[in-house]
Structures are given as C-alpha cells and as structure tokens.
Amino acid sequence: SDHMENIYGYLTKYTNLVTGWQYRFFVLNNDAGLLEYFVNEQSRHLKPRGTLQLAGAVISPSDEDSHTFTVNAASGEQYKLRATDAKERQHWVSRLQLCTQHHTEAIGKNNPPLKSRSFSLASQGSANSPGVQRRPSQNAVSFFNVGHHRLPTGKRVPIMPPDHLVDVREMMSQAEGQQRDLIRSIECLPSSGHLTSLDQDLLMLKATSMATMNCLNDCFHILQLQHASQQKGSLPAGATISWLEPKASLANHFKNGAAQNFPAEINKPASVREEQSIAEPCQLTREPEEINPEEELEDICDDKEDDLGAVEEQRSVILHLLSQLKLGMDLTRVVLPTFILEKRSLLEMYADFMSHPELFIAITNGPTPEDRMIRFVEYYLTSFHEGRKGAIAKKPYNPIIGETFHCSWRMPKSKVAADAGSAHSSAEQGTLSKDLEGQTESDYYTVKFVAEQVSHHPPVSGFYAECVERKMCVNAHIWTKSKFLGMSIGVTMVGEGLLSLLEHDEEYTFSLPCAYARSILTVPWVELGGKVNINCAKTGYSASINFHTKPFYGGKLHRVTGEVKQNVTNTVVCRVQGEWNSVLEFTYSNGETKYVDLTKLSVTRKRVRPLEKQGPFESRRLWQHVTESLRDGDIDKATEHKRALEERQRNEERLRAETETPWCTKYFLKEGDGWVYHKPLWKSSSAVQTQQTDTN
C-alpha cells in the first residue's frame, strides 16, 4: 500500500504513577509489523527500549482528550501514548491501524481456518513441565489435538428412552470435566513467549468450547422439560422454552493460571449454602409489606468506588472477555467479572437519584405551571450526579427477580419553606441529621421509596416514591438494555416515569438518558448521552434536554443543554447549559441567571432498616456477603457468593417452568406495557375524594 511507509517521531508515553509521562522516540516498522521506541532519536541505532507486535493489536483513540491514544497488543501489553495535537494523533492512529490490519490479515492467510485444523491436547501437566517445552518452529496448530469420536458408517443413533437421561447427564459431566481440563491447559501456558495463553486461536478455542458446553446444557434442560411434559400429557398451550444464562461465571474461565475449583457442597461457606437454600420466592409471603419508618435509621454506609487497583490488576481478564464479544452484542446474559461491580444493587442506585429530596418536594410549591415545570427540570438534572459513586465506571449488581429495596428521607419543613425549593439554599445546608434531632413527625416531610425487580428476562425494574404530606408521587419502570460497542459499553434505559402533583392535578411524563462506560481497557469512566423529554399535557409545558457525548475532536465532557417552553405559544421560558456532574446554568425569560454547583449541593442521607430487620429478598441483605467480600478485597469469595445467588435464581426459574407456576410480583402490577405501584397515592386520593363526595 502507498500508505504503508515507515514513520517515526516523538510521542509522550505513560510509564507508571510514579514516573508519569516520558518523552520517547517512536518508530513504526511496517515491514516487520512492529512499534518500537527509544530514549531519543540519537539512540535509534541501539536496541529498542520496548517493542510491540502489531498483529492482532487494537489501536484506540482515547475519550479523555484529543491527543491521547492506546495501543493494546494481543499479548496483553499496552502503550498509552500522547501526541502534540489532534492532527498528529490522527496521523499515528491511521498508520498504526493500517499496519495492524495488514499483518493481522497476513496471519489469517498463512493459517488455515480453525475448523479444518487438527488440534492435539496432550497430557502435558503444568506449563513448566518438559512436555510443554517446544521448538521455536512449533506453533499453536500442532499443540492441541482434540479427538473427534465418529459413529460407524451406516449406523443410526437409537432414540433414547426417558430413563437414559441419567446416562446423558453422566456423559455431560464427563464432557464438562474435559472442557475444564482444556481451559486449565491453556491458562497454564506462559504469558509471554512464542505460544502464550493469549494466543488468538487458543482464545477462540476457549470461547467456543465454553459456548458449546452452555448450548449442550440448554439442550439437556429442554429434553428434561419434554420428558416432564410427556409424563403430564403435553406442553401447555402457549408455553415457550427459553434459552438459559451461562452455567459458569466467565470470571473463573478467564483467570490466568488459576485452576477452577468445584468443591463439594459440604465445603462451601455457610453463607453460600444459605444463599442457595432460601426457599422459592413464590412460596414466601408475596403480600406487600408496610415498612414502619420508625424502624429505619440514617444510612452510615459510604462505599466510594474510586479504587482503580482491581481494574488495573485484572486488565488481562478484561482482554479475555473482550475476545468473546462482538460489536452490538446484547450483554444482558453475559456474566461479567466480579471485580468491576459496585457495592450496591441497581435498585439502590435508583434510590440514590432521590438524594436531594428538598428539590423534589419543592416542585409542587411552584406558584405557576411554568415554575413547576422549571423546578422539575432543576431537580431532574441534579439527580444524576449523586446517582454515580465516584468517577470510575463500575456496574451495580443485577437485581434478581423478586428483589426489593426500601428507604426513606426526612426533610425539615423549614428547609423546604426557606426558599421554596431553590437550589441555592440547598447548597448551604448543613448536616440534616442534626436539624431533625428533637423534632416531631409534624416538623418534617417524609419521602418514601420502594423498588422491585419485576422481570428477569427482560430485566425490568419498577420504583415508586411519594411524599404524602405534599400529595406528590413518582412511578417509573426501566428496562436496562446493554450492548458492547468496542472500547465502551452502552446502556439504554427503556421505559417511562410519571410524576403526579395531586394538589395541582398535573402529571409529568419523562424518560432517562443512555449511559456509556468509556475506556474500558484503561480507566473506565461514565458518560451520559441522548435526548430526553419531559411533558405535562394539562399545562402545555414541555422540556427537551440533550446529554451530549464528547466528540472525537475537542469538546467538553458531561455537557448538557436544554430548554423549557410553552407548546401553545412555542415560547422558550428557560434555557439550561453546563455539566450534569459539575455546574449548571439556568437562564430565565426575565433575563435572570442562576448557577447550581452540584459538587456543593448537600446530600440528604437515606434511612434504611438494619440488615437484621430486612426481609431475605431486600437488596442489602440479599447481597450482603458479596458486598462484604468486595470491601475486604476478596474477589474470589465475592464471585462465589454472587454465583450462588445467580444459580439459585436459575434453579427457581426452571422449577417455575416445570411446574407451570407464574411469577408473582409483590409491589408492582402490570398495566399495559408498564408497571405501576400497587397502591399509588393518586388511587388513595381518588378513594378519599369519592368517600367525601358520598358523605356530602
């Protein structure tokens, strides 16, 4: 190619936290497919300080700024580089990508497809044993030889009677054992050298062998269902058989050098056995529980998520995971490594969006429809900052079906009445727990919150919050759809929320933006994107809010813009701009401007019942052993507890399918395409008004 010339020049290379960025002279050797660097141009004739093989590498412009980019080699090694400007970065990135593509395609042409290659898995023992030492000319093709058992020609496989399912199960167990041995043999290979555990063909072999075993397990489960239906007659009308989640955690498959342990039940920790032995949820009480606010205590838990150590240490695990994913792949059923988890459930994350209850309550204090819409927009935009715990992008626990979360907030009435909900006064608030001391129930407002995981496939959560004293409530249902986007993960929040101001007989519908985890190979961070709308049909006011993702060149992070307008006259009454995690600027139609610094906005701590008073399916009690293990830094133990919960959920799902038992929700009812709290405030108010009318 005309563009395949060798290029060279100075770039800044990130070394480590101590040394930081270093100025180095880089040379792209297109013929050899190498990226080399030297201390300076004068030392170019000496041995390079570092060399990366570009075949199979991934070249990624960084989202952090317009100068930085990374080179991720197939070996797992990474260079984080910075050019002097955006133009120079683009020059290096395009040349590196061309060279990488050329040498990667050359490997594919020089090697036959995987399906036609003969692999031989010898009983090699460990990677350091003599059997593993190979001549330099030996490659991955001759290292593995998986035998294919063929049936004699002309013989047909007899149809197995149902009682032979036991024999099938035994053969499946043997196959699973062989597959685990294969994984161990690959992972025991050295991390560097001619053939490594990161060899592309071996990664593909690991992925396909695991996918094959998962598929066989699903097929075996279908056979069991068919056997059960034959005993009862036939499958019921309209019944469907769903594909199940992976039977083993990807985290264990992808841990280099660590052989999987499959201990007997008696060797499992008592907490794991307890997690697996909790009774089938539908056999527990599914009646809605009235939570006594007096049992709730101010939350003292403060789990920040700024620790980058685990992510840096486990980067090879992430690379293994990425080797299995395809662009656009739905991640709903992918078991992600435990170390990327936050120490809270997704249901609790939704509750943390309500951490400024004074702004929520103040919405209904607005004297006019215009003012109430603007107040709602102010509250809406201030909710996302506290919803994130720290700057690093980590994933909350996936709630299991039937999981619930309860909490409440108390807000002194004087704090809301002081400025009718202005965010200025909120920023000056002290610790509210002191303000509440010695006050009676009539001195403060209470906002109650409840969330429930109402569906597993698709994963749908419902949440509801109300302030009875102010006659206002919000109901929402959200289906989280996550997709793999290359160097980032996108999460779409499908669903709708409804805010009801009963005092004004107004309803506000709203949606949520998409979320993105960027730079997942380096230091992952969160970005919001997309357009959301807020509408009030009765008053004719609406708001359009745009969360802007950072452009490739230049631009600011976390930028948001929006406007509030009267639909009838098409008049804009308020404009907003700024960053959703920093400072927001509101400009009103009368020319006034207000600034809200979210970093100084006080946070009201939620009130939660102690663990010993929570039900077995309340989030914190349900995930307590996973959370404790993550706090202690014991990733293996956290993974074991997490897997026990997920396996129990799968077993319960199978049991419901076999017994044709529908799932019963506890707090939310299905209405059309959405989910509504079973006892919303608007229904209670309607009932009271009806009684008063009958009395009159």
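Predicted model: local features only at pLDDT ≥ 70, side-chain atom pairs only at ≥ 80, totals over all residues.
User: Which residues of α16 and α17 make the contact?

Analyst: On the α16 side, the contact is formed by His 625, Val 626, Ser 629 and Leu 630. From α17 come Ile 635, Lys 637, Ala 638, His 641, Lys 642 and Leu 645. Sorted by class, the residues of this contact are five nonpolar, three polar and two charged.

User: What makes α16 and α17 roughly antiparallel to each other?

Analyst: The axes of α16 (residues 624-631) and α17 (residues 635-659) cross at roughly 165 degrees and come within 8 Å. Angles over 145 degrees count as roughly antiparallel. The two helices are therefore classed as roughly antiparallel.

User: Why is α16 described as mostly covered?

Analyst: Six of the eight residues of α16 are buried. They are Gln 624, His 625, Val 626, Thr 627, Ser 629 and Leu 630. Just after this helix, Gly 633 adopts a positive phi of about 75 degrees.

User: How do you know whether Asn 570 is buried or exposed?

Analyst: The relative accessible area of Asn 570 is 53%. Exposed requires a value over 50%. Asn 570 is therefore exposed.

User: Where does Glu 660 lie, and what is its phi?

Analyst: Glu 660 is part of the loop between α17 and β25 (668-671). Its phi is positive, at about 55 degrees, although Glu 660 is not a glycine.

User: Why does Glu 660 count as partly exposed?

Analyst: Its relative accessibility is 44%. Buried means under 20% and exposed over 50%, with partly exposed in between. Glu 660 is therefore placed in the partly exposed class.

User: Why does Gln 577 count as partly exposed?

Analyst: Gln 577 has a relative accessibility of 42%. That class covers values between the limits of 20% and 50%, so Gln 577 counts as partly exposed. Gln 577 belongs to strand β21.

User: Which residues does Gln 577 touch, not counting residues up to four places away in sequence?

Analyst: Gln 577 touches Val 560, Thr 561, Val 583, Leu 584 and Glu 585.

User: Why is Val 676 called buried?

Analyst: The relative accessibility of Val 676 is 12%. Buried means under 20%, so Val 676 counts as buried. Val 676 is found in strand β26 (residues 674-677).

User: With which residues is Val 676 in contact, leaving aside its neighbours within four places in sequence?

Analyst: Val 676 is in contact with Asn 475, Tyr 667, Phe 668, Leu 669, Glu 671 and Trp 682. His 477 lies 199 residues apart from Val 676 along the chain, and their C-alpha atoms are separated by 7.8 Å.

User: How many helices and strands does the protein chain have, and what percentage of its residues count as buried?

Analyst: The chain has 18 helices and 26 strands. Of its 696 residues, 48% count as buried. The accessible surface amounts to about 34200 Å², with 51% belonging to carbon and sulfur atoms. Among contacts between residues at least 6 apart in sequence, 63% join residues at least 24 apart.

Key: Residues numbered from 1 in each chain as written. Heavy atoms only, no water. Axes fitted to C-alpha atoms, helices over the stretch in contact; angles between N-to-C directions. Helix = DSSP H or I, 4+ residues; strand = E, 2+ residues; numbered from the N terminus. Parallel < 35°, antiparallel > 145°, perpendicular 65-115°, else oblique. Contact = heavy atoms within 4.5 Å. Nonpolar A, V, L, I, M, F, W, Y, C, P; charged D, E, K, R; others polar. Buried < 20%, exposed > 50% of the residue type's maximum accessible area, 1.4 Å probe, protein only. Areas by Shrake-Rupley, 256 points an atom, 1.4 Å probe, with all protein chains shown as cover.
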